[in-house]
Amino acid sequence: MSYALQTLWHERTRYASGVLAVTFSAVLIALQCGLLLGLFKITSIPIDNTTADLWVGSTAVSSVDLGKPIPNSYMTRLAGLDGVRMPEQYISNFANFSKPTGGTELCFLLGSLLDDGTAGAATLLTKEQREALTMPYAIVVDESDVKRLALNSPDGEPKINGKRVHLVGTVKGLKSLAAPWVFCSLHTARQLMGPMLPPDHVTYLLARCDSPARAKQVADELRAQYPGDMIAYTAEDFSYQSRMYWLTRTKAGLAIGYAALLGLIVGAVITAQTLYSATAANAKEFAILLALGIPRWRISLMVITQSFWVGIIGIALAYPVCLVLRALAMQFNTDVDMRWEILAGTATITVGMALIAGTLALRSVKQIEPMNLLR
């Protein structure tokens with residue numbers, strides 16, 4: 001291994017293109033996967049930005065934005081369960097937003113209780129904003145949606161489902177993938193929905209539990225006890241299901257995965273060609289080693305070791321590049337999820353690619369013979 005590293009350093013200009021190709025592939029794979037997860041993290045914002053541990057909704061609801069009305073009487077099924085606090089009502093539904101300047105947009109209402117310690121209130125809402133939302137027809141949106149909804153216009157009246165609303169604040173970091181999130185009180189949401197939501201119904205029931213383990217246990221019990229009436233999820237499971245629904249529904253994962261695969265193929269081809277050329281250029285040195293009695297498998301092992309270090313060095317260079325590009329993306333309100341699973345998976349795939357490229361380069365080793373030194 002020491003000899004392989006010394007060779008890489010001595011011939012660094014020759015191996016540079018292979019290292020850069022590996023770096024390019026690692027950066028592309030990590031950023032594409034991080035962008036994909038960051039993009040679809042938006043679809044589970046209503047779940048991830050509450051403190052609820054348990055979500056109860058209509059049967060077979062596959063995403064948080066697809067919930068159907070359920071009776072308020074379902075609260076009795078949760079009330080009194082060990083380790084489960086008093087359930088809360090939660091309304092989430094699409095609505096028509098009429099801009100002050102004319103035209104309409106589809107928005108998504110999120111109505112919850114706003115008292116201190118409630119499970120459904122968005123965690124990014126300040127105490128002042130929650131107090132302001134208790135006023136009739138008060139709403140809060142993400143600052144990135146203010147212009148989209150023309151809420152910065154001094155003229156006209158914004159309306160939701162034909163009822164006038166007024167903006168009392170904005171938040172940052174809760175932008176939507178499709179319809180803008182509109183946060184309001186439970187009472188305001190019910191008034192805005194009107195006859196579209198029966199008075200004795202809500203979209204979800206939320207509850208906090210003593211522990212995540214207890215939440216999972218309660219969700220399993222409720223699903224088994226009421227299979228045809230409702231569905232119960234832990235917040236983590238419901239968040240994951242919402243993201244996966246949008247991922248498979250929009251096929252964006254396939255497109256981004258194809259781009260990442262393309263980068264991997266390009267990096268593999270360049271790396272394989274670089275290692276093959278470098279190995280062929282060292283044919284005379286390898287022939288001397290063979291003449292001195294060094295087994296061919298030891299030389300092959302050295303080539304594989306070199307490819308391994310090319311992968312490691314490429315990953316080491318890719319990591320700071322990924323961090324810089326992620327920071328740049330965050331400046332444009334684009335979330336790139338760089339969790340450790342993505343980095344570990346990228347490193348594994350990249351090193352594997354480099355090892356495969358090194359294996360392909362071994363065909364030049366098989367062509368080396370000591371008698372070539374006499375020519």
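What volume does the largest pocket have?

Analyst: This is a predicted model, and in it the largest pocket has a volume of about 460 Å³. It is lined by 19 residues, and those closest to its centre are Ile-42, Gly-173, Lys-175, Asn-333 and Asp-335. Helices α2 (12–41) and α3 are the elements that give two or more residues to this lining. Of these, α2 gives the most, with 4 residues. Sorted by class, the lining of the largest pocket holds 6 nonpolar, 6 polar and 7 charged residues.

One of the residues closest to the centre, Asn-333, sits just after helix α11 and takes a positive phi of about 60°. Helix α11 itself runs over residues 296–331, which makes 36 residues. From the first C-alpha of α11 to the last is 53 Å, close to the 52 Å expected at 1.5 Å a residue. Helix α11 also spans the position of Cys-322. The sulfur of Cys-322 is 10 Å from the closest cysteine sulfur, which belongs to Cys-33, and that is too far for a bond. Cys-322 is buried, because its relative accessibility of 3% is under 20%. A disulfide needs two cysteine sulfur atoms within 2.5 Å, and a search of the whole structure finds 0 disulfides.

Helix α2 also takes part in the second largest pocket, where α2 and α8 are the elements that give two or more residues to the lining. This second pocket contains about 250 Å³ of space. The largest share of its lining, 7 residues, comes from α8. Among the lining residues are Leu-36, Leu-37, Phe-40, Tyr-240, Arg-243 and Arg-339. By class, the lining of the second largest pocket has 6 nonpolar, 1 polar and 4 charged residues.

Asp-48 forms a salt bridge with Arg-243, with the closest N and O atoms 2.9 Å apart. This pair links distant parts of the chain, as Asp-48 is in helix α3 (residues 45–48) and Arg-243 is in helix α8 (residues 235–250), 195 residues apart. Asp-48 is partly exposed, because its relative accessibility of 35% falls between 20% and 50%.

The Asp-48 and Arg-243 pair meets the salt-bridge cut-off, because its 2.9 Å is within 4 Å. By this rule the structure has 13 salt bridges. Another of them joins Lys-99 to Glu-105, with the closest N and O atoms 3.7 Å apart. Lys-99 counts as partly exposed, at 21% relative accessibility. Glu-221 and Arg-214 form a further salt bridge through their side chains, at 3.8 Å from N to O. The two partners fall into separate classes: Glu-221 is partly exposed at 37%, whereas Arg-214 is buried at 16%. Elsewhere, salt bridges that share partners join Lys-99, Glu-105, Asp-145 and Arg-148 into one network.

Notes
Residues are numbered from 1 along each chain as its sequence is written. This is a predicted model: local features need pLDDT of at least 70, side-chain atom pairs count only at pLDDT 80 or more; totals for chains, interfaces and linings use all residues. Side-chain values use heavy atoms; hydrogens and water are left out. Buried means under 20% relative accessible area, exposed over 50%, partly exposed in between (1.4 Å probe, protein chains only). On a 1 Å grid over the protein atoms alone, a cavity is a set of points where a 1.4 Å probe fits but cannot get out, and a pocket is an open set with protein on both sides within 12 Å along at least five of seven lines; lining residues have an atom within 4 Å of a point. Grid points are joined across faces, edges and corners, and a volume is the space filled by probe spheres set on the points. Ala, Val, Leu, Ile, Met, Phe, Trp, Tyr, Cys and Pro count as nonpolar, Asp, Glu, Lys and Arg as charged, and the others, Gly among them, as polar. The expected span of a helix is 1.5 Å times one less than its number of residues.
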